[in-house]
Amino acid sequence: MSLSDDRPDFSTIADLFLSHGSMQSPAFLDGRLCAELALHDLTAEAWLEEVCHGLGVEQPRDRESAETLLAWRRQTLDALADSALNYEPLLPDDLFSLAERARGLQEWTLGFLEVIDDTGDTPRQGWSQALREAIDDLGALGDMETDIDDSAENENDLFALTEHARMAAMLLFTEQHPGQPQVESGEPTQH
């Protein structure tokens, strides 16, 4: 079983948010989570505090909710640090319309970029040109049109944009955590 199989999916987290009385998008907070894990090594306590703030509650409503939120953080960190490079943003899946999935990607991007913007310009000076360009390109995703029709062309475009966001997240993490993941282990890649 891969790490991504254990990670709570978008609907599970959205339902958890609803049980707390919040319509907040899990995608937005997942974008924030990814950037914060890459830039600040976000602690479990800080993550719970941030999610609760986003939900407008003081604490998770029960132990199971807290465990799900903490598992989300842990499994995201594991996926970012894994040599398989299998991190996937927490976005609406194929059960949602293409427009809903596009909005999810937009929300993820806005959350991710909000953390990046909060860091200021100083950390960016040490980033590679490829990372700076990838982050700059994400800015356009925050402004993209999300009211799109279900079509094969739009599906392919959305897939490519999602892949760009995923790779930008992985690049940020790997540059901020040299040696993690160890992608040059000398072991053959399995396809």
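Me: Starting with Asp41, is that residue buried, exposed or partly exposed?
Reply: Asp41 counts as partly exposed, since its relative accessible area is 49%; here buried means under 20% relative accessible area, exposed means over 50%, and partly exposed covers what lies in between, using a 1.4 Å probe and protein chains only. Please keep in mind that this is a predicted model, in which local features need pLDDT of at least 70 and side-chain atom pairs count only at pLDDT 80 or more, while totals for chains, interfaces and linings use all residues. Residues are numbered from 1 along each chain as its sequence is written, and side-chain values use heavy atoms, with hydrogens and water left out.

Me: OK, and where does Asp41 lie?
Reply: Asp41 belongs to the loop between α3 and α4, the latter spanning residues 44-55. Helices are DSSP runs of H or I with at least four residues, strands are runs of E with at least two, and both are numbered from the N terminus.

Me: What is the phi of Asp41 like?
Reply: Asp41 has a phi near 50°, which is a positive value in a residue other than glycine. Leu85, which is not a glycine either, has a positive phi of about 50°; Leu85 sits in the loop between α5 and α6 and is partly exposed, at 31% relative accessible area.

Me: Changing topic, how many salt bridges are there?
Reply: The count comes to 10 salt bridges, where a salt bridge is a side-chain nitrogen of Lys or Arg within 4 Å of a carboxyl oxygen of Asp or Glu.

Me: Which residue pairs with Arg32?
Reply: Arg32 forms a salt bridge with Glu114, and the closest N and O atoms are 2.6 Å apart. This pair joins distant parts of the chain, with Arg32 in helix α3 (residues 26-40) and Glu114 in helix α6 (residues 98-119), 82 residues apart. Arg32 counts as buried because its relative accessibility is 13%, whereas Glu114, at 34%, counts as partly exposed.

Me: What network is Arg32 part of?
Reply: Arg32 is linked with Glu36, Glu50 and Glu114 in a network of salt bridges.

Me: And which residues does Arg101 meet in salt bridges?
Reply: Arg101 forms a salt bridge with Glu155, with the closest N and O atoms 2.5 Å apart. That pair also links distant parts of the chain, since Arg101 is in helix α6 and Glu155 is in helix α8 (residues 152-176), 54 residues apart. The side chains of Arg101 and Asp94 meet in a salt bridge as well, at 3.6 Å from N to O. Arg101 is buried at 12% relative accessible area, while Asp94 is exposed at 62%.

Me: Let's move to the helices: how do α5 and α8 cross?
Reply: The axes of helix α5 (residues 63-81) and α8 come within 9 Å and cross at roughly 80°, so the two helices are roughly perpendicular to each other.

Me: Which residues meet there?
Reply: On the α5 side Leu77, Ala79, Leu80 and Ala81 meet Ala169, Met170 and Phe173 in α8, contact being heavy atoms within 4.5 Å.

Me: What about Thr76, buried or exposed?
Reply: Thr76, which lies in helix α5, is buried, with a relative accessible area of 0%. Leaving aside its neighbours within four places in sequence, Thr76 is in contact with Arg7, Asp30, Leu33, Leu37 and Tyr87.

Technical notes: Axes fitted to C-alpha atoms, helices over the stretch in contact; angles between N-to-C directions. Parallel < 35°, antiparallel > 145°, perpendicular 65-115°, else oblique.
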